[in-house]
Every structure is written in C-alpha cells, then in structure tokens.
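Please read this briefing alongside the sequence and the model.

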Amino acid sequence: MSAAEGPLVVGVDTSTQSTKALVVDAATGRVVASGQAPHTVSSGAGRESDPREWWDALGEALNQCGEAAHEAAAVSIGGQQHGLVTLDGQGEPVRPALLWNDVRSAPQARRLIEELGGAKAWAERTGSVPSASFTVTKWAWLAEHEPEAARAVKAVRLPHDYLTERLTGEGTTDRGDVSGTGWWASGTEEYDEGILARVGLDPALLPRVVRPGEVAGTVRDGHGLPFSKGTLVAAGTGDNAAAALGLGLRPGVPVMSLGTSGTVYAVSQRRPADPTGTVAGFADARGDWLPLACTLNCTLAVDHVAALLHLDREAVEPGTDATFLPFLDGERTPNLPHSSGLLYGLRHDTTAGQLLQAAYDGAVHSLLGALDLVLDADADPSAPLLLIGGGARGSAWQQTVRRLSGRPVQIPEAKELVALGAAAQAAGLLTGEDAAAVARRWNTAAGPVLDAVERDEATLNRITGVLSDAAPLLERDATSH
C-alpha cells in the first residue's frame with residue numbers, strides 16, 4: 001500500500017446480499033483497500049436476514065482490508081433501506097430482520113393508508129405513501145402476526161442503525177434513512193407520534209436522529225473489529241442517499257441505479273409529496289431531499305429470465321413485439337405487490353434473445369415511467385442520466401436505457417458508490433466539508449457519456465398499453481384464488 005496523502009476513512013455498504021468495505025484516502029478519494037463478504041436472505045413468502053450475519057460480514061470485509069482499516073480515523077455505514085430490525089434488552093435480534101423486498105405487509109399498508117386519511121394525507125405528512133416496503137407496514141405486520149415477538153422488542157432499528165449501534169453503543173439513525181420508515185414527519189423532521197400510536201410503537205424504542213455533519217459516536221471497546229478505540233463514527237445513511245453522496249449530486253441531475261432493485265432519483269431543494277405514491281419523498285443525507293421511485297425487479301429478475309432461456313445476460317436480439325413485465329417478486333412501481341411476471345405477444349418467430357430484450361425493456365419502462373415525477377419541473381430534460389449499480393456495467397442495460405430514455409447516458413467509472421458515499425460522509429467529519437463536496441473533489445462521477453438517440457416511443461407505448469390492459473390480472477392476490 002503506497003502512502004496516503006490524507007487521513008484514511010472507511011465507507012461501508014451493507015446491502016441485501018453482502019457487506020462491502022472500502023478504505024479511502026480522504027485527501028484524494030483513492031481506494032487503498034477493500035473487502036466484501038456475503039450474507040443470506042430467506043426464500044419463500046418472506047425476505048428475511050439475521051442481522052448478526054451483517055456484523056460478521058462487516059468483520060470479514062474489514063479483515064480483508066488489512067492494516068489500512070486499523071489506521072482509519074473515521075467510519076460511516078450505508079445500508080439497505082426500510083428493513084425492520086427488532087432487538088431485545090441485550091441488543092440481540094428478537095427475530096430475523098424483515099427486509100425491504102418482503103411484501104407480506106401489503107394488506108397492512110393498504111389499511112394504514114385508509115385509517116390515516118388516505119394517500120394524499122400520508123404524502124403531506126411523511127413525504128411518501130407507504131407501500132409494503134416501508135418499515136411502518138412491517139411493524140404493523142409483526143404486531144398482527146407475531147404479537148409475542150412484538151412485545152419482546154426493546155429497540156427498533158434500520159439495518160445501518162444496527163451496525164452503527166454495535167460500533168458506538170448508542171442508538172442513532174439519520175434523516176435520509178429514517179425518512180423511509182413511514183413514521184418520520186418530513187415537514188417537522190421529527191417522529192410522528194400519531195402514526196406510532198396507530199401501530200402501537202413506543203417512540204422510546206426508536207433511535208436518535210443525528211443531524212448532517214454531526215458525529216454519531218466513537219468506536220467503543222470490545223467490538224472485535226480492526227478499528228482503534230475512539231475512531232469517529234458518522235451518522236451513516238440509507239443506500240440511495242449514500243450513493244447520492246458518492247456521486248456528489250447537485251439538484252436536478254437524474255440517476256438510475258440498476259441493482260437487485262432499480263431506482264431513479266435526483267436531489268431536490270423542495271420537499272416532495274406525491275399523493276400517487278409513485279415517488280417516495282425521502283430526505284437526503286445533507287439537508288436537501290431525494291425524491292425517489294423504486295422497483296423491486298431489476299437485475300436479478302432479468303438475470304433469472306436469461307437463465308431460464310439458457311442465455312448469457314448480454315445475448316439480446318432486437319425486433320420483437322413481445323412484451324414482458326418482469327414482476328417476479330411482486331412490484332412496488334407500479335404498486336402491484338401481488339403481481340407475477342407477465343409475457344404477452346409471443347409468436348412462432350419470437351426468439352429467445354428477443355424475449356430477453358423484452359425483459360430488459362419491461363424493467364427499464366417501469367423506472368423511466370417514474371423519472372418525470374422524480375425530477376423538478378425546471379430540471380434540464382437533456383441532462384445526462386447517470387447510470388449506476390451493478391447493471392450499469394452491462395451493454396444490454398446501457399443500450400436499453402439509452403434507447404428508451406432518449407437522453408445521453410453517463411456511466412461513472414467509480415464503483416461501490418454507496419460505500420464511497422459513506423466514506424465521503426466519514427471524511428466530512430474530519431475536514432468539516434459537506435460530504436457531497438468531498439465526493440466532487442474526488443471526481444467520482446467522471447465516466448464515459450453515450451450520446452442521446454431517438455427515444456423508442458413505440459416500445460414504451462406498447463408496454464404501457466399491455467400494463468394498463470393487464471392491470472386487473474396483475475392486481476389479484478394469487479394466493480386467494
């Protein structure tokens with residue numbers, strides 16, 4: 001390892017499938033060491049993980065970083081949003097965490113919307129209309145289906161909160177991640193006691209919300225990780241807010257993230273409140289807002305279709321009139337939690353490669369449909385769309401987004417933007433800088449730009465038509481028939 005120009009910081013991304021750690025030179029943004037370790041997610045009706053696996057994976061990822069992690073002066077943890085972590089009085093999990101893509105709480109989401117004034121009232125109150133992804137619906141599901149477990153809970157945390165608390169010994173969260181719970185009022189930036197009372201959750205069980213730029217705590221003794229005691233710990237944030245930090249986003253620049261879930265978002269200086277529920281009115285990790293739309297089915301769904309067809313994920317072919325809605329895990333955008341994949345328009349001359357392209361088209365259609373709602377009305381419609389996440393490296397994803405968006409597409413060369421954003425947040429603690437300014441100084445968004453091509457309106461309109469016609473079928477709960 002060559003000598004660093006500035007102090008070292010650690011940025012962590014604890015995602016659905018794995019935990020990654022980067023040791024970064026705070027002066028230059030150079031990654032001097034990295035590590036990654038997997039964790040498991042249950043299959044079947046629910047999506048659950050044991051939070052202790054995240055801690056073990058964090059330890060393994062940091063050990064892979066070697067001595068550099070021990071030299072770090074500050075650390076920050078970015079993590080998957082929405083997950084419900086329930087702890088007992090000793091800080092141990094009462095049960096596995098309910099993850100963001102566990103949609104069993106869809107009935108509770110519908111009921112909560114009705115009981116508290118409808119979608120518009122929720123949007124005005126919390127910035128978002130809760131779906132089955134949101135933590136508040138998961139708590140309502142737990143209280144209804146596992147009341148003994150709910151009664152045993154002494155602390156409620158989000159995934160990144162859990163790891164931060166094990167580092168510092170203090171229960172904290174941040175405005176970016178807490179804005180995805182459904183129990184934080186975006187207008188007052190405080191917990192909404194009326195919503196908490198409705199779902200029977202004592203505010204005393206929730207963590208303190210750390211302000212942007214504030215130190216969450218310091219690393220305590222006995223953690224078993226390669227950090228020095230007293231290392232500064234930043235607030236951390238949700239994965240999308242961390243990626244926004246990692247890109248150094250300025251207001252109005254659109255981002256599409258292609259991962260297990262797909263997201264589109266942009267920083268805004270106006271507090272969002274979309275009564276349709278398509279756009280979640282999240283806060284960012286700085287003091288602005290991060291209106292965002294999320295799909296449940298993105299790279300994993302398309303890769304599964306490729307595997308079923310025995311094709312490489314890049315083996316797409318043009319020229320199909322087939323439409324594939326790849327809603328394999330239910331869907332959040334559009335809000336169809338009970339839906340499954342739908343194939344329409346299959347012909348004798350349809351090829352496997354064309355079916356695969358149709359799956360890409362269906363996944364990207366859902367994201368682009370929300371992009372105009374995410375962006376402020378005065379945003380530049382010709383600004384390049386920043387394409388990030390694991391899928392952004394794939395040519396088939398790049399060309400599908402380019403063709404269906406009609407925008408220039410920029411692909412940042414920096415990898416692991418969630419962990420980089422967390423590292424920028426940690427660096428800001430040391431330098432006093434805004435974390436997004438740190439990332440801009442590191443030039444993290446630099447990368448090739450694909451020129452705009454004419455937007456493929458025919459394909460977009462065909463998918464929209466099939467989705468509209470199939471809505472009654474897609475809205476059915478298959479388990480009740």
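Grid points are joined across faces, edges and corners, and a volume is the space filled by probe spheres set on the points. This is a predicted model, in which local features need pLDDT of at least 70 and side-chain atom pairs count only at pLDDT 80 or more, while totals for chains, interfaces and linings use all residues. Residues are numbered from 1 along each chain as its sequence is written, and side-chain values use heavy atoms, with hydrogens and water left out.

**Second largest pocket**

- Lining residues, defined by an atom within 4 Å of a pocket point, number 27 here, and those closest to the centre are Thr 278, Arg 332, Thr 333, Pro 334 and Asn 335.
- The elements that give two or more residues to this lining are β19, α12 (352–374) and α16 (457–474), with helices (H or I, at least four residues) and strands (E, at least two) taken as DSSP runs numbered from the N terminus.
- The largest contribution to the lining comes from α12, with 5 residues.
- By residue class the lining divides into 15 nonpolar, 11 polar and 1 charged, where Ala, Val, Leu, Ile, Met, Phe, Trp, Tyr, Cys and Pro count as nonpolar, Asp, Glu, Lys and Arg as charged, and the others, Gly among them, as polar.

**Largest pocket**

- The largest pocket has a volume of about 880 Å³, and of the 39 residues that line this pocket, Asp 13, Lys 20, Gly 259, Gly 389 and Gly 390 are the closest to its centre.
- Elements giving two or more residues to its lining include β2 (18–25), β16 (255–258), β17 (262–265) and α14, while α10 gives the most, with 3 residues.
- The lining of the largest pocket divides into 15 nonpolar, 17 polar and 7 charged residues.

**Nonpolar core**

- The largest nonpolar core has 68 residues, of which Trp 139, Trp 183, Leu 201 and Tyr 265 touch the most other members; such a core is a set of buried Ala, Val, Leu, Ile, Met, Phe, Trp, Tyr and Cys residues joined through side-chain atoms within 4.5 Å.
- Helix α14 (residues 417–431) gives the most to this core, with 8 residues.

**Salt bridges**

- The whole structure contains 29 salt bridges, each being a side-chain nitrogen of Lys or Arg within 4 Å of a carboxyl oxygen of Asp or Glu.
- Arg 95 and Glu 48 form a salt bridge with their closest N and O atoms 2.9 Å apart, and this pair links distant parts of the chain, with Arg 95 in the loop between β6 (85–87) and β7 (97–98) and Glu 48 in strand β4 (residues 48–49), 47 residues apart.
- Arg 95 counts as buried at 11% relative accessibility, and Glu 48 is buried at 16%, buried meaning under 20% relative accessible area, exposed over 50% and partly exposed in between (1.4 Å probe, protein chains only).
- Asp 221 and Lys 229 also meet in a salt bridge (3.3 Å, N to O), and here Asp 221 is exposed at 54% and Lys 229 is exposed at 61%.
- A network of salt bridges links Arg 175, Glu 189, Arg 211, Asp 284, Arg 286, Asp 288 and Asp 434.

Terms used: 1 Å grid on protein atoms, 1.4 Å probe; cavity = no way out; pocket = protein on both sides within 12 Å on 5 of 7 lines; lining within 4 Å.
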